[in-house]
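Work through the following exercises with the sequence and the model in view. Try each task before you read its solution.

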Amino acid sequence: MGKKISSSTWRGGRYLHPRFYFKRPTRLALLFLVVVSLTWLVYDRQSLTREHQEEISRLNEEVTHLRKAIELFEMQLEDLKDQMEISVGNGNKITIQDDPVSIQRREKVKDAMLHAWTSYEKYAWGMDELQPQSSDGVNSFGGLGATLVDSLDTLFIMGLEVQFQRAREWVANSLDFNKDIEVSVFETTIRVVGGLLSTYDLSGDKVFLEKARDLADKLLPAWDTPSGIPYNRINLAYGNPHNPSWTGGSSILADSGSEQLEFIALSQRTKDPKYQQKVEKVITEINKIFPADGLLSIYINPVSGTTSYGSITFGAMGDSFYEYLLKAWIQGNKTEEVKFYREMWEKSMKGFESLIRRSTPSSFAYITEKLGSSLNDKMDELACFAPGMVALGSSGYNPGEAEKFMALAEELAWTCYNFYQSTPTKLAGENYFFQEGKDMHVGTSWNILRPETIESLFYLWRLTGNKTYQEWGWNIFQAFESNSRIETGYVGLRDVNTGDKDNMMQSFFLAETLKYLYLLFSPSTVISLDEWVFNTEAHPLRIVSRDAHTHQERVSTNWESKLPHYMKGRKEGRLDYNDQIQTAHFGPTYQNHSYCMYVYKYDTEESLLDMSIASLAVLTVQEQLFG
Ligand code: DMJ
């Protein structure tokens, strides 16, 4: 029979009595140790759980990114298999097959981007620009990580996911605009605000939009002038906008008139009209003094709003003003509301035609510069953006005019290509002079990796489907590879005749030159010109309706029957894009390779859903559905 333990014989209770411990200090010490260990164990378990949770959510994020990368890769594969349709100048479509040569070439361009980026990461991380020869960085724009921000969308478009994520973390954690630095309003807008907005449009990641807004708020005081024409320099921390002393108080035309795309896009995405109002006032003011030929001096007075004596040029200091007249019209969906941009641009095209001359003996078309009433037979490589612009704008004319402008664009592109072909290095100098009987010769002989000619080749390829433009672009790319690529990045040339190298990798090489080259060898569905408009730093901004949050276009509810078969029955995709979208159908919506139909929140009293197409690219879905 087992012995029964009575409460009187059970002695375990003594361990609970304080006297048990106080009688012997070793027991007390032991108790103390037990209590401390237990507390530590409990606390440690809690923090372990917390750490685990953090680790799990980090891993989850990584899985999401990897999934997206796989999706992107699959879509790119699909793209390769697909036939492409491209728009030609007269608004028709032609079909082009992606070919193995283009695939190989864009891989080479991607490799160039990787080399440029890796060098920047290694030697100049977070600084404005890389100096490859001295393997260090320089803050040429005040220290805003210009190359990093300028490169974001290129990395994204090329599918360089890991590099993109590292850059994204830097933007989120280290990009700070609260700095006592004086910056150029124009350069900061086109590179940094433009780069951030474009990356937001591509990725949907709000961190980019918030940063863009923060920076734009710091730039806004530059527009507080009597005329509304902005000053060109500002201190980010203290404001104090002004113009550089060498302009004699004037603002520069291109610097003051090329912020429309970025600030209009910002207003559309933040639903705060103040940015758009500031930059559109500039155009309203300029329109008051706009001459019949649409050509303006490069100097404009921010107090009176009138121009001062200066040259008229499509090169340095004039260029992007004309470019933005056309592109703001495209960004505004070419509607009645933005017709004034187109009208102003068409006027400037009249002036543009009046500046065109042809060389002898080879009849190269070129764009002269004008000072007072005399023409100067000089053309900047910078003006080589114009063939692309003219080609892009040609389709808005009647067929006869469209053909004439397209032909002129093609002629000018040939001249620009010859800027490259005519030098021993096959890289263009900064500007050219034209001389009776001698065609052209290089003036300023440096090459700083500029993109303008390639930009025009990209537009001409997209708009004509003529593969010659790809060949020309490939030749220029190879010249960059043999002259400018060094172990620590890409450098410009001090002299295109000797090949003597400089020590600077300009941020626009990654933002523009390499991006346009990559797109030149990509299907035209990648950043379709029907869906995106490029700012002057090659940052694509998505075209949305002007008042996207209040006026969504209503379309047929019988949309499903009209869908192409491959879009039918696909699952829902990303939600909540720009806060406007309630549901997005037909994913995957990642990147710019997918078809996507968004159902917008209906913002009137009727509780109906309004449908609108916001395809992230590709074969003008809108036309297929409702065309
Ligand atoms: C870029 O920063 C922009 O394209 C600008 O409009 C002109 N110059 C450089 C590239 O050459």
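**Exercise 1.** How far is an oxygen atom of the ligand from an N or O atom in the side chain of Glu 537?

*Solution.* Begin with the kind of model: it is predicted, so that local features need pLDDT of at least 70 and side-chain atom pairs count only at pLDDT 80 or more, while totals for chains, interfaces and linings use all residues. Residues are numbered from 1 along each chain as its sequence is written, and side-chain values use heavy atoms, with hydrogens and water left out.
Next, find the side chain of Glu 537, where an N or O atom is 2.6 Å from an oxygen atom of the ligand. Then turn to Glu 512, whose side chain has an N or O atom 3.0 Å from a ligand oxygen, and to Thr 536, where a polar backbone atom is 2.7 Å from a ligand oxygen. A polar contact is a pair of N or O atoms within 3.5 Å; within protein, one must be able to donate a hydrogen and the other to accept it, and residues adjacent in sequence count only if both atoms are side-chain atoms.

**Exercise 2.** Which residues surround the ligand, and which helices each supply at least two residues of the shell?

*Solution.* List the neighbours, each with a heavy atom within 4 Å of the ligand: Ile 190, Arg 191, Leu 382, Arg 450, Pro 451, Glu 452, Phe 508, Glu 512, Thr 536 and Glu 537. Then look for the helices (DSSP runs of H or I, at least four residues; strands are runs of E, at least two): α6 (185-203) and α17 (507-520) each supply at least two residues of this shell.

**Exercise 3.** Where are the two cysteines of the disulfide placed in the chain?

*Solution.* Start with the search of the whole structure, which finds 1 disulfide, that is, a pair of cysteine sulfur atoms within 2.5 Å. The partners are Cys 384 and Cys 416, with their sulfur atoms 2.1 Å apart. Cys 384 is in the loop between β15 (378-380) and α13 (386-394), whereas Cys 416 is in helix α14 (residues 399-421), so the pair, 32 residues apart, links distant parts of the chain. Finally, the angle about the S-S bond is -95°, and the link of Cys 384 and Cys 416 is left-handed.
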